[in-house]
Amino acid sequence: MSGHRDPEAGSRSLADQLRGWSDERLRRLLTARPDLATPVPHDSGQLASRAAVRSSLLRALDQLTRLELCVLDALVVLRQTTPEGLAAVVRADPDAVAGALARLEDLALVWRSTSGLRALTGVADGLAGGPGSSGLRPVSDDPAPPEDVARRLEGLSEAARTLLQHVADSGGEATTGGSRHTVLPEDAATPAEELLARRLLVPRSGGVVVLPGEVGLALRGGRSTTAPVDDVPVLVTSDRPRAMVDRGAAGAAFEAVRRVELLLDHWGVHPPTALRSGGLSVRDLRATAQLLQVDEPTAALLVETAHAAGLLATAADAGGDPAWVPTDAYDAWSALPSAERWAALARAWLASPRMPGLVGSRDTAGKAWNALAPELAGVHQVESRRMALEALGSLPDGQVLATGTGTPSLVARVAWLRPRRPRTRAEQVVWALTESAALGVSGLGGLASYARALLTGDDPAPGLAALLPEPVDHVLLQADLTAVAPGPLESALARTLALVADVESRGGATTYRFTPRSVRRALDTGWTAVELHEFLGGVSRTPVPQPLSYLVDDAARTFGTVRVGHAEAFLRSDDEAALTELLHHPKAGTLGLRQLAPTVLISSTPLDVLLPRLRDLGASPVVEAPDGTVRVSRPDLLRARTPREHRRGSSAGAGAAAARETAKVAAVVTALRAGDRAAEARPTTGPAPLSPSGSLAALREAVESRATVLIGYVDNHGATSERVVDPLSVEGGTLTAHDHRSDDVRTFAVHRISVVTAVEGGS
C-alpha cells in the first residue's frame, strides 16, 4: 500500500506525513534508523512518537554531516524557511542545502507542516546537548524572534558585549564563575549577570551557560559561520600505479592468511590460557608476536580477526581450564583456497566492532587493555572503518594518500562527515588505515581493487586469486640439510613439512632446515624412517642428499632406545650405555633417577614432565604400554565449538545478512500499514463487546461477503490487540484469516474475539 497524499503538501503532524509516505520511503527510514523498528510499532502514530525519543534522536543526529547539522541548526533557530534563506545563513550552495533538507526529512528529523518545514520536537535539545556543528547552538524548540534579540542587545554595556562575543567565539559555552542566575537587569553587578538577566546566556546544569542560537545569529550579522560549510575537506594524494597498490596489498593479504593459519595450528596443540576476564594475557600476546614474527599490535589484530571470523573461541584444555583454541570451523576454513580464506577474514574484520588498536594502552583507571577482552569494542568502530575505506575507494585511479599529509586529510574528511561523535574518531580512522594495510585490504596508501568488492558486499576472492601465485606442490632439497620452497606451498604440504623441518627464513621462497630435533618430532607423531624417506623423495624435484638420508637413519636408529613407563615412571633400554649416560648426566639430578638393573631406571618425576626433560637432554624416549608395545601419537588437537553467529556459510554471509535485513524492514512496513488501517477503522466511540455467538455470526458474514474486518483479540495474558484480517473460514470455534500485520494466514479462537468491525475499502 502506498501513500495517497502529495509529499510536497503539508501535514498536520509527523504521523500524518508518515502515513502518506510510500512503502519504499518508509523502508529507507527504517533502514537508516533501525532502532525505530524494534519492537515493531503498531502504526504510524507510534512510529512518529518513537522517532522523537531523545535516545533515538541522538543516534540519528550522529549520522549527519557538518552541512546537515548546520542546516538543522539554522532551521531550528529560524523556524520555517526556504532552502535559499537557509543557504544564506549557513553559507552553502542552495542545491546542497536542498539535498541536506531532503535527507533530514527522510530521517524524520524534519517534517513538512502546513506552514512549512519544521524540526521534530526534541531536536533543539539534542543539538544543544551534543558537540556544536555551527555557531547557532539552539537551546530550545521555541527560539526568540530576531526583533526580541535586538532589543536585548540594545543598551548592553561594553564589558558585557565583549564577554558575549568571547563566548560566541569560544564555541558558545562558558562557566558562570559563581554568577547569580536569577537577577534583574538593573541589579546586575557583573557582565556575566547582565548577560544572564537579559537571557543572552542561558544557564545549564553543572554551572555551564550556553549562548542561544538566535543570539549567535544576531552577533554574526545573520550568518551562522564565517566560512562555507559545504566545502568537503580534500584528500591529499600522490601518484602511484594501481598495479603496484594491488601487488603490495595482495602480498600482505597472503601473509595475513599464512600467519593466522600458523597461529591457530600452534594454539590447537599449545593453547594459551584465557584470563578470568576472558582476554589474552600480555605474556601470551608477546609469545604470539614472536611466533608470528610480527610486532605486538599486528599480533593482536590477527588474533582479534581470527576470533571475529569464528575461527577462535574458548574451550577447556587438557586440565579443564578455559583456553583459547581453534573452533571446528577452522578445519573447513584451512581447506579453502588462500583467496577465499582471506575473504572470510576480511569480511569479519570489516563488520567487527572490536578495537585491537587499543591493545597495549591503558584506560582511565590505568588498567591495560588485553586482546580478546570482552569490553574491547566500540559502537562507532564499524562505521569509522567503513568510512575510511570508502574515502580511499573514492580516490581516482592512480591516486593514493600522500605520505605524511594524507592521513590527516582523511581524518578531516571523516570528521566533516560525522562531526558529533565519537571523540576518538580520529584514532579509529588511523587504526582503520593501519589494520587495512596489515590485512591486505589496502596497500601503499590506496585501496586494493579487489577490496572494492568487499565494500559493496560482493565476493573479493576472484579478484585476489588472480594476484596470488599458484601454490606449488614440491620443494628443492639442498645438500646443507635445507629445503627451498620456490613459492607458496599447498596447505597440506606446508603443514607436513613444518612437522619434519623448521622454518629458517620466509620471503619469495621459504627455506626449511632439517635437524635431529625436527626429525625426532616427526618420529614422535608416529612416522617411521621408511615413511620419511618416501615423503622426502616424493616432494623434492631434486635427489635426496645423502646427508639428509643419514640424518633420518641416525635419528630413527636412536629413536626408542630408551623407553619410559609408569612407576612414577621407569626407563628401560637394551643399551646399558645410554642409561648410564642419562644417570650420570650433569643436568639429570632433578629427575630423581635410580638404577634398578643395568637396563632399568626409575624416576620420581611424573611421566608428562619426564618426557620433555629427557628430550631436552638429547634422548629420544618413547612411551611403552603395559604389554611392552610402543605408543607414539601426535598431541591431541583441541577444538572449540564454532559460535552460533558464525555457523552459517561465511561466503554468502554479507548477502544473506542484507537479505534478512531487507525482509525484516519489509515486514515492519507491512505491519505499519495494517496498524494504520486498524486505526482508521477504529470507531470514535467504542463498540459494545460481542458475545461468542455474536462474534461467530459477524465473522461468518465477513467470510461470505469476503470483507476485511478489524477484530479485537484477547491473548492469554488478558491484553487486547487489534488486528485487520481477511476471514477465510470459521470452523469448530476457530477463525482462519489472513492477518495484515504479520502478512500471513493465522488462526484465532472465536471466543477470544471481542470486537468485529468492518473496514472501509477492504476487499
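A: A residue is called buried under 20% relative accessible area, exposed over 50% and partly exposed in between, using a 1.4 Å probe and protein chains only. This is a predicted model, in which local features need pLDDT of at least 70 and side-chain atom pairs count only at pLDDT 80 or more, while totals for chains, interfaces and linings use all residues. Residues are numbered from 1 along each chain as its sequence is written, and side-chain values use heavy atoms, with hydrogens and water left out.

The part to examine is helix H15, which covers residues 296-308 (helices, H or I, of at least four residues and strands, E, of at least two are DSSP runs numbered from the N terminus). Its 13 residues reach 18 Å from the first C-alpha to the last, close to the expected 18 Å (1.5 Å times one less than the number of residues). Buried in H15 are Ala299, Ala300, Leu301, Leu302, Val303, Glu304, Thr305, Ala306 and Ala308. Those buried residues pack (contact means heavy atoms within 4.5 Å) against several elements, among them helix H13 (242-269), strand E7 (312-316) and helix H20 (425-439). Just after H15, glycine 310 takes a positive phi of about 80°.

Turning to nonpolar packing, the largest core has 70 residues, of which Trp342, Leu410 and Tyr450 touch the most other members (a nonpolar core is a set of buried Ala, Val, Leu, Ile, Met, Phe, Trp, Tyr and Cys residues joined through side-chain atoms within 4.5 Å). Leaving aside residues up to four places away in sequence, leucine 410 touches Leu235, Ala388, Ala391, Leu401, Val429 and Leu433. There is also a second, separate core of 51 residues, including Leu58, Ala60, Val668 and Val669.

The backbone has further points to check. Most residues other than glycine have a negative phi, and most peptide bonds are trans. Leucine 444, in the loop between strand E10 (442-443) and strand E11 (446-447), has a positive phi near 60°, and leucine 444 counts as partly exposed because its relative accessibility is 42%. Leucine 481, also not a glycine, has a positive phi of about 65°; its place is the loop between strand E12 (476-477) and strand E13 (482-485), and at 22% relative accessibility leucine 481 is partly exposed. Finally, a cis peptide bond with omega of about -10° joins threonine 38 and proline 39, and proline 39 sits in the loop between helix H2 (23-32) and helix H3 (44-51).
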